[in-house]
Amino acid sequence: MEFNTNQINIMLDALEHYGNGPQVDMAIEEMSELTKELLKDRRGKENRSDIAMEMADVYIMLEQLKFIFGIDEIELKVNAELKIQRLKNRIGGN
């Protein structure tokens, strides 16, 4: 998911307003809410829209975590490629 400059500026303003610690806590909370909705889905509740909303919250918080911890797109891409290769190896891919 990509954010535009205005959206990024709003996220940076939120970091300045609330501070890094509280925003890390908020990221944890948002990931927990996504977890809760996924578990509801596994129990048979039709909650696709709730899952999408919580996923959006998590995407926003992940973007803020990038700023907090100074993690850039290149580092994320390299790590994602390593993880995907490891997954490929585990499932028997070449």
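Tutor: Before we start, contact here means heavy atoms within 4.5 Å, and please keep in mind that this is a predicted model.

Student: How far apart are the C-alpha atoms of Gln-64 and Met-11?

Tutor: Their C-alpha atoms are separated by 6.4 Å, although the two residues are 53 residues apart along the chain.

Student: And does Gln-64 count as buried or exposed?

Tutor: Gln-64 counts as buried, because its relative accessibility is 4% and buried means under 20%.

Student: Switching topic: at what angle do helix H1 and helix H2 pack?

Tutor: Helix H1, residues 5-18, and helix H2, residues 20-42, pack at an angle of about 115 degrees, and their axes are 6 Å apart.

Student: Which residues meet there?

Tutor: From H1 there are Ala-14, Leu-15 and Tyr-18, which meet Asn-20, Pro-22 and Gln-23 in H2. By class, that contact has four nonpolar residues, two polar ones and no charged ones.

Student: What about the largest pocket, what volume does it have?

Tutor: The largest pocket has a volume of about 240 Å³. Its lining includes Met-1, Phe-3, Tyr-59 and Lys-66, and the elements giving two or more residues to that lining are helix H3 (48-69) and helix H4 (73-90).

Student: Which one gives the largest share?

Tutor: That is H3, with four residues. Sorted by class, the lining of the largest pocket has six nonpolar residues, four charged ones and no polar ones.

Technical notes: Residues numbered from 1 in each chain as written. Predicted model: local features only at pLDDT ≥ 70, side-chain atom pairs only at ≥ 80, totals over all residues. Heavy atoms only, no water. 1 Å grid on protein atoms, 1.4 Å probe; cavity = no way out; pocket = protein on both sides within 12 Å on 5 of 7 lines; lining within 4 Å. Points joined across faces, edges and corners; volume = space filled by probe spheres on them. Nonpolar A, V, L, I, M, F, W, Y, C, P; charged D, E, K, R; others polar. Buried < 20%, exposed > 50% of the residue type's maximum accessible area, 1.4 Å probe, protein only. Axes fitted to C-alpha atoms, helices over the stretch in contact; angles between N-to-C directions.
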